[in-house]
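Good morning, and thank you for coming.

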Amino acid sequence: GFDKPDSGKWTFHQLSNAESWTTDLSGLRPHQIANKGMVRTFQLTKSLAKMTVIDNMLLGAAEQKGESLRNALLPSRWQKQEKEILEKAEDLLERFKLSHMRDEYAATLSGGQRKLLEMARALMSEPKLILLDEPMAGVNPVLVESLLVHIENLRDEGVSVLFIEHDMDAVFSVADRVSVLVYGHVIATGTPSEIRENKEVCSAYLGEHEIPVAN
């Protein structure tokens, strides 16, 4: 929703408890799209540096009753929900191994930790689809492995993950399907093994050399 298309239709197909439906996202604002179950992270992380890690997490929860001025004046309307949101945030920080940084300012996190924080915060809204923009960029190898595990776990839990990434080893190790773009055009789509053997992809990205197989 940040960029507006010149033409075409944008829909989001969802599955839930054996039911499926399609939502038209054309013309919706980013926060409205997020409320439909599609959220994203950014290549350059958007953590709020002057807020603590836990406060960054709490902001990610959707439809908080206490955000309404009318409800804010009546704690009985939001206290239970706020407690549940806090518990969820604590659980996610534990899952992403950030609980020891709970009360630290986000500015003190490393680049890799900020990527983890942003992914964890995105999960506060319980998305059906999470879009990751170059999650491995600028991240040390140890945290890359951690991010890959989290992506696999999300997939196994039924959350769809769509990510843009230049780290071929990372892509081939976790992706079920891969689309390759050159100058904004899709030149190939298929399984990792099909993409690895695609001559046009090898020519475009590796100068006719074969794409190495990840160990």
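This is a predicted model: local features need pLDDT of at least 70, side-chain atom pairs count only at pLDDT 80 or more; totals for chains, interfaces and linings use all residues.

Over the ring of which residue does the charged end of Arg40 sit? The ring is that of Phe42, and the charged end of Arg40 is 3.9 Å from its centre. A charge is said to sit over a ring if NZ of Lys or CZ of Arg is within 6 Å of the ring centre and within 35 degrees of the ring normal. Arg196 gives another such case: its charged end sits over the ring of Phe172, 4.6 Å from the centre.

Residues are numbered from 1 along each chain as its sequence is written, and side-chain values use heavy atoms, with hydrogens and water left out.

Now the overall picture. The protein has nine helices and seven strands; helices (H or I, at least four residues) and strands (E, at least two) are DSSP runs, numbered from the N terminus. Along its principal axes, the C-alpha trace spans about 65 × 40 × 35 Å. Of the 215 residues, 35% are buried. Buried means under 20% relative accessible area, exposed means over 50%, and partly exposed lies in between, using a 1.4 Å probe and protein chains only. Leu154, in helix H6 (residues 141-156), counts as buried because its relative accessibility is 1%.

Let us turn to charged pairs. How many salt bridges does a search of the whole structure find? It finds eight, where a salt bridge is a side-chain nitrogen of Lys or Arg within 4 Å of a carboxyl oxygen of Asp or Glu.

One of them brings us back to Arg40, which bonds in this way with Asp133, the closest N and O atoms being 3.6 Å apart. Asp133 lies in strand E4 (residues 129-133) and Arg40 in strand E3 (residues 38-40), so this pair ties together parts that are 93 residues apart in sequence. Arg40 itself is partly exposed, at 33% relative accessible area.

Another salt bridge joins Arg102 and Glu90, with 2.8 Å between the closest N and O atoms. Arg102 lies in the loop between H4 and helix H5 (111-122), and Glu90 lies in helix H4, so the parts tied together are 12 residues apart in sequence. Arg102 is partly exposed at 23%, and Glu90 is partly exposed at 26%. Together with Asp103, these two residues are linked in a network of salt bridges.

Asp156 and Arg155 also meet in a salt bridge, at 3.4 Å from N to O. Here Asp156 is exposed, at 59% relative accessibility, whereas Arg155 is partly exposed, at 33%.

Finally, the second largest pocket. Its lining consists of 16 residues, and Ala62, Lys88, Met124, Ser125 and Glu126 lie nearest its centre. Which element gives the most to this lining? Helix H4 does, with four residues. By class, the lining has five nonpolar, five polar and six charged residues. In this count Ala, Val, Leu, Ile, Met, Phe, Trp, Tyr, Cys and Pro are nonpolar, Asp, Glu, Lys and Arg are charged, and the others, Gly among them, are polar. As for the term itself, on a 1 Å grid over the protein atoms alone, a pocket is an open set of points where a 1.4 Å probe fits, with protein on both sides within 12 Å along at least five of seven lines; lining residues have an atom within 4 Å of a point.
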